[in-house]
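Open the structure in your viewer and keep the selection tool at hand. Each stop below says what to select and what is there.

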Amino acid sequence: MEIKRVIICGLGALGLTYASKLKDVCELKILADEDRVENYKKNIPVLNNNELVLDYITPKENWNADLIIISTKAAGLNFAIKFIK
């Protein structure tokens, strides 16, 4: 199976690193709540002095992915799983 569509849940240091590598090689979406999406759009995430313009979705949107990457801290894992459901 070829991985074409990817969701990342958690946009901290690891999530940003994964996003920077994947954004040009697949259809990538970042899963976040509405408040975080607005914040990310106003304050574009930066990795190594490079702004990462990414596409975002909320849990209300139905978007099927071939791969889901959860890159939250341990305390956020249960919340991330509920988001993904």
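**Stop 1: the nonpolar patch**

Select Ile 68, Ile 70, Leu 77, Ile 81 and Ile 84, which make a nonpolar surface patch of about 350 Å². This is a predicted model, in which local features need pLDDT of at least 70 and side-chain atom pairs count only at pLDDT 80 or more, while totals for chains, interfaces and linings use all residues. Residues are numbered from 1 along each chain as its sequence is written, and side-chain values use heavy atoms, with hydrogens and water left out.

Patches take residues with over 30% relative accessible area and no salt bridge, joining nonpolar side chains (Val, Leu, Ile, Met, Phe, Trp, Tyr) within 5 Å and like charges within 9 Å. Accessible areas come from the Shrake-Rupley method with a 1.4 Å probe, and for residues only the protein chains shown count as cover. A salt bridge is a side-chain nitrogen of Lys or Arg within 4 Å of a carboxyl oxygen of Asp or Glu.

Now colour strand 6 (67–70) and helix 3 (77–84): each supplies at least two residues of the patch. Helix 3 gives the most, with three residues. Helices (H or I, at least four residues) and strands (E, at least two) are DSSP runs, numbered from the N terminus.

**Stop 2: the aromatic pair**

How many aromatic pairs does a search of the whole structure find? It finds one. Select Tyr 40 and Tyr 56: their rings are stacked, 5.4 Å centre to centre with 20° between the planes. Pairing requires ring centres within 6.5 Å for Phe, Tyr and Trp (its six-membered ring); planes under 30 degrees apart count as stacked, over 60 as edge-to-face and the rest as tilted. The pair links distant parts of the chain, with Tyr 40 in helix 2 (residues 34–42) and Tyr 56 in strand 5 (residues 56–57), 16 residues apart.
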